[in-house]
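Here is a short note for a colleague who is new to this structure. Please read the points with the model open beside them.

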Amino acid sequence: MSKCPDARDCLRDLVVPAMEQIVDKVNFTLSFIGSVDKNDSIHCMHGPSECLGDMLSLCAINLYPTDPVRYLGFSNCLISSYTKIPSRELVEPCSLEHGIAFENLNGCVSEEGKGLDLLMNSVERSQAVGVKRSCTVRVNDKTWCVRDGGEWKDCPGGSNTKNLVEEVERLYEE
């Protein structure tokens, strides 16, 4: 997902702006798609560098699990220049901008199995709920909207920040 233009648009135009308004009303989970082969190797749609980018985002979440604004900001920073993932010239300034120690991210990704375990768990979580497209936005355990091929699809409630915020607030009040 970290090297996907649809995910970039989704984070930048929908998820991050919505989360700035509803962060205290949701249990947010950022999950990644991929495939696992018979040898338990993970494959990402845009290659091994995307898997590294996904692991960087997951490590940020692992380091700051209660601060989605921080880890989403970091992920958004990375994905905004997705062609440069996983270069240090991109990752280090993004981590600095969002108050995440680069050494801690690097340690998580390189630590024996940690980053891979986080990615495996994330991919399995996406597979378990039937998510196959990046970016799929789910609300209340249901697909709410999908960004695929440069356009929004399957969005009966609308595909903009205002629509997402209204839906979350409606459900929060129930």
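1. A disulfide joins the two, with an S to S distance of 1.8 Å. The torsion about the S-S bond of cysteine 145 and cysteine 155 is about 70°, so this disulfide is right-handed. Cysteine 145 sits in strand β4, and cysteine 155 in the loop between β5 and α7, 10 residues apart. Keep in mind that this is a predicted model.

2. With the bonded cysteines of the chain numbered in sequence order, the pairing reads 1-8, 2-3, 4-7, 5-6, 9-10. Cysteine 4 is in no disulfide. The nearest cysteine sulfur to that of cysteine 4 belongs to cysteine 135, 8.3 Å away. Cysteine 4 counts as buried, at 7% relative accessibility.

3. Which cysteine does cysteine 135 bond to? Its partner is cysteine 10, at an S to S distance of 2.1 Å. This pair links distant parts of the chain, 125 residues apart. Cysteine 10 is in helix α1, while cysteine 135 is in the loop between α6 (114–128) and β3. Both cysteine 10 and cysteine 135 are buried.

4. Another disulfide ties two helices. Cysteine 77 and cysteine 94 have their sulfur atoms 2.1 Å apart. The torsion about their S-S bond is about -75°, so the disulfide is left-handed. Cysteine 77 lies in helix α3 (residues 68–80) and cysteine 94 in helix α4 (residues 88–97), so the pair ties together parts that are 17 residues apart in sequence. Cysteine 77 is buried, with a relative accessible area of 17%. Cysteine 94 is buried too, with a value of 1%.

5. Next, the sheet. Three strands form an open sheet in the order β3-β4-β5, with antiparallel pairing. Why is one side of β3 and of β5 left without a neighbour in the sheet? Because β3 (136–139) and β5 (151–153) stand at the edges, each with a single partner strand. The twist averages 20° from one strand to the next. Four bridges join β3 to β4 (residues 142–148). Threonine 136 stands opposite valine 146 in β4.

6. Last, the helices around the sheet. Helix α1 (residues 5–22) packs on the sheet and touches β3, β4 and β5. The direction of α1 makes about 120° with that of β4. Helix α7 (residues 161–173) lies across β3 and β4, and runs at about 25° to β3.

Methods
Residues are numbered from 1 along each chain as its sequence is written. This is a predicted model: local features need pLDDT of at least 70, side-chain atom pairs count only at pLDDT 80 or more; totals for chains, interfaces and linings use all residues. Side-chain values use heavy atoms; hydrogens and water are left out. Two strands pair if DSSP finds at least two bridges between them. Axes are lines fitted to C-alpha atoms, for helices over the stretch in contact, and angles run from 0 to 180 degrees between N-to-C directions. Contact means heavy atoms within 4.5 Å. A disulfide is a pair of cysteine sulfur atoms within 2.5 Å. Buried means under 20% relative accessible area, exposed over 50%, partly exposed in between (1.4 Å probe, protein chains only).
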